[in-house]
Amino acid sequence: MSLPPRSQDIALDLLRDMMRIRRLEERAGELYGEGKIRGFLHLYIGEEAVAVGVLHALAAHDAVVATYREHGHALIKGVPMKAIMAEMYGRLEGCSRGRGGSMHLFDATTRFFGGNAIVAGGLPLTVGLALAERMQGGSRLSACFFGEGAMAEGAFHESINLAALWQLPMLFCCENNLYAMGTALDRSQSQTDLCAKASAYKVDTRSVDGMDVIAVYEAARDAVEHIRAGHGPFFLEFRTYRFRAHSMFDPQLYRDKDEVEQWKTHGPIHTYSAQLKAEGLLDEPGFLAILAQVDAEVETAITYAESGSLEPLEDLSRDVYTPRAAP
Amino acid sequence: MSIRMTYREALREAMREALQRDPRVFLMGEDVGRYGGSYAVSLGLLEAFGPERIRDAPLSELGFVGAGIGAALGGMRPIVEIMTVNFSLLALDPLMNTAAALRHMSGGQFSVPLVVRMATGAGRQLAAQHSHSLEGWYAHIPGLKILAPATIEDARGMLWPALLDPDPVLIFEHAQLYNLEDDAGEWETVDISSAKVRRAGKDLTLITYGGTLGKTLEAAQVLAGEGIDCEVIDLRVLRPLDDKTLMASVCKTRRALVVDEGWRSGSLSAEIITRIIEQGFFELDAPPARVCSAEVPIPYPRHLEEAALPQVSTIVAAAHELCLGTSG
């Protein structure tokens with residue numbers, strides 16, 4: 001199987017970006033163990049193909065809203081890795097001045113609107129971004145990432161109804177990793193066919209192998225073209241898997257180790273790099289060179305975060321309200 | 001030039017002017033368009049501005065309030081109407097977890113210039129799911145601004161400064177006020193930062209807002225006939241509270257009575273009295289007092305509803321107690 005023509009130009013970028021997320025998060029997990037990063041830390045390891053494939057299909061000016069498992073989305077949207085790491089460290093140099101931490105990465109410059117730690121909370125927000133764009137006659141679209149667990153929330157149903165009713169330029173990206181924290185999909189939702197749920201609102205849908213970055217990219221490209229052509233919102237289900245615990249406090253009593261190991265054999269990075277090698281687009285020295293480059297970026301980000309500063313205490317109340325010039 | 005109009009008309013004219021002044025302004029909510037608004041506030045606006053800007057929303061408070069936040073972030077200036085404060089609880093998540101928190105949580109990157117209007121309060125025999133006064137709850141939340149127009153002037157004048165405000169502003173319209181009629185006053189110069197003295201006096205400060213301003217002024221009239229000269233303060237802005245106006249009055253009269261249609265425990269009235277004690281304890285001649293709603297879900301039958309709410313007679317009795325040490 002060879003890569004589709006339109007994926008060939010970015011073939012190595014897709015690999016590099018998945019590796020950037022993977023190494024950033026592996027190191028973040030270690031730093032959590034050292035007590036350098038605190039609070040909740042939700043790792044995306046295993047699911048990298050979804051964020052990478054979708055974000056490469058979007059334009060730089062499109063808006064993105066994500067969940068609390070969003071380091072990868074922020075990074076590939078263009079938030080500098082050092083600003084993400086500094087945020088996890090709670091430093092002033094972080095992308096949210098250190099106030100949000102791992103779950104609340106924000107970046108106005110790249111139109112990355114969080115970092116939302118309320119399950120399904122980003123969905124109505126994205127509807128509004130898409131509505132504003134449409135009312136102002138713009139052509140940018142708004143994409144929202146959410147887990148399959150969010151599809152049990154009323155916010156999902158209200159949002160997809162609004163997006164379909166008003167035919168808004170919105171991309172629904174469901175990251176179906178089979179577990180809402182520790183509750184399996186078939187233990188929490190009566191209809192486990194997620195595309196059927198979305199279709200009930202007259203939204204076009206597609207279910208995609210979320211472990212295959214090319215499949216993700218191709219599906220997202222098609223969906224984006226559909227939306228930009230004015231055909232209304234699109235729902236993509238990405239079947240994927242979280243290799244690590246839900247958060248750093250999760251003993252994973254709800255799933256078998258065998259199941260995890262089985263999914264790991266479909267890991268998005270090694271299957272894709274094997275494919276690239278088979279097609280002659282990559283060799284082992286080339287792979288190692290990318291890895292070295294990525295590791296250097298991660299270590300630079302850690303050094304940056306380590307040397308970052310703490311927000312002065314007198315700024316605690318800053319930005320509860322927007323400062324206004326005296327009349 | 002002053003024009004006579006109802007509170008409802010004043011709100012409608014304020015929206016009409018805002019829609020004409022700024023193309024980013026639009027109204028969104030349940031039945032705001034074809035129906036004309038559940039309290040007929042937006043009647044006629046659909047014909048004037050069309051369905052894009054007078055946008056009927058499905059029964060999805062969480063969805064369309066969240067969408068209002070997103071639209072504000074996306075460069076629009078939405079006015080979101082919620083039928084009544086009890087229904088706003090379905091949208092408490094986006095209001096509290098997103099609108100109020102976003103600017104601080106994002107390190108100052110994202111302000112939310114959203115205006116939400118809703119009806120509040122009792123007095124129409126609508127029972128326990130349409131009659132509460134929960135604006136005090138919202139006034140608890142940092143990041144929000146809370147307005148309670150009690151006059152025609154404020155109903156007309158508060159919307160535009162609220163739309164100019166870069167942060168989320170919630171406007172609470174007491175359902176009993178919609179038919180109130182008066183001069184529109186100097187609505188073009190209304191601020192959304194200060195409390196106002198609605199009646200000057202020297203013996204006792206009555207502090208209230210919104211739907212109980214009328215009852216409080218009436219009580220002040222009764223008390224004046226008995227030789228008790230009351231100053232009446234209309235808070236207007238429930239967050240942030242205007243301590244300065246409040247304390248200037250209390251330090252003058254040395255007595256304070258708060259009238260609030262909200263419940264008593266853990267309430268706005270508790271906050272106001274705490275501030276008075278914190279800032280003026282040694283100026284006081286008597287312990288501050290309050291008249292609030294009975295701590296029950298508001299019941300349907302008229303006699304019980306009336307008994308549950310602050311009334312002129314209960315305000316007068318509390319004033320007697322405070323000034324004379326007697327309720328008689």
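User: What makes the crossing of H6(A) and H7(A) left-handed?

Analyst: A crossing gets that name if the near helix is turned anticlockwise from the far one by less than a right angle, and is right-handed if clockwise; the crossing of H6(A) and H7(A) falls under the left-handed case. The model is a predicted one, in which local features need pLDDT of at least 70, side-chain atom pairs count only at pLDDT 80 or more, and totals for chains, interfaces and linings use all residues. Residues are numbered from 1 along each chain as its sequence is written, while chains are lettered from A and ligands numbered from 1 in the order in which they are written.

User: Why are H6(A) and H7(A) called roughly parallel to each other?

Analyst: Helix H6 (residues 122–135) of chain A and helix H7 (residues 154–165) of chain A have axes 8 Å apart, at an angle of about 15°. Axes are lines fitted to C-alpha atoms, for helices over the stretch in contact, with angles from 0 to 180 degrees between N-to-C directions. Angles under 35 degrees count as roughly parallel, over 145 as roughly antiparallel, 65 to 115 as roughly perpendicular, and the rest as oblique, so H6(A) and H7(A) are roughly parallel.

User: Which residues make the contact of H6(A) with H7(A), and how do they divide into nonpolar, polar and charged?

Analyst: H6(A) contributes Leu123(A), Pro124(A), Val127(A) and Ala130(A), and H7(A) contributes Ala155(A), Phe156(A), Glu158(A), Ser159(A), Leu162(A) and Ala163(A), where contact requires C-beta atoms, placed from the backbone, within 7 Å. By class there are 8 nonpolar, 1 polar and 1 charged; Ala, Val, Leu, Ile, Met, Phe, Trp, Tyr, Cys and Pro count as nonpolar, Asp, Glu, Lys and Arg as charged, and the others, Gly among them, as polar.

User: What makes H10(B) oblique to H14(B)?

Analyst: The axes of helix H10 (residues 213–225) of chain B and helix H14 (residues 312–324) of chain B come within 9 Å and cross at roughly 55°. That angle belongs to the remaining class, which makes H10(B) oblique to H14(B), and the crossing is right-handed. In this contact Lys215(B), Thr216(B), Glu218(B), Ala219(B), Val222(B) and Leu223(B) of H10(B) meet Val312(B), Ile315(B), Val316(B) and Ala319(B) of H14(B), a set of 7 nonpolar, 1 polar and 2 charged residues.

User: Why does Leu90(B) count as partly exposed?

Analyst: A residue is buried if 20 or more other C-beta atoms lie within 10 Å of its own, exposed if 12 or fewer, and partly exposed in between, with C-beta atoms placed from the backbone. Leu90(B) has 17 such neighbours and therefore counts as partly exposed. Leu90(B) is placed in the loop between helix H4 (85–88) and helix H5 (92–99) of chain B, and, leaving aside residues up to four places away in sequence, touches Glu61(B) and Leu62(B). The C-alpha atoms of Leu90(B) and Ser60(B) are 8.2 Å apart, although the two residues are 30 residues apart in sequence.

User: What makes Arg198(B) count as it does, buried or partly exposed?

Analyst: The count for Arg198(B) is 18 C-beta neighbours inside 10 Å, so Arg198(B) is partly exposed. Arg198(B) is found in strand E9 (residues 196–199) of chain B; helices (H or I, at least four residues) and strands (E, at least two) are DSSP runs, numbered from the N terminus. Not counting residues up to four places away in sequence, Arg198(B) touches Leu213(B), Leu217(B), Val232(B) and Asp234(B), and its C-alpha atom is 5.8 Å from that of Ile233(B), 35 residues apart along the chain.

User: Why does the radius of gyration of chain B agree with a compact globule?

Analyst: The radius is taken over C-alpha atoms, and the globule rule is 2.2 Å times the number of residues to the power 0.38. For 328 residues the rule gives a value near 20 Å, and chain B has 20 Å, so the two agree. Of these 328 residues, 55% count as buried. For chain A, with 327 residues, the rule also gives a value near 20 Å, and chain A has 20 Å, which agrees; 50% of the residues of chain A count as buried.

User: How many residues of chain B are in contact with chain A?

Analyst: On the side of chain B there are 34 residues, in contact with 33 residues of chain A. Helix H3 (61–73), H5 and helix H6 (102–105) of chain B each give two or more residues to this side, with H3(B) giving the most, 10 residues.

Note on methods
Two residues are in contact if their C-beta atoms, placed from the backbone, lie within 7 Å.
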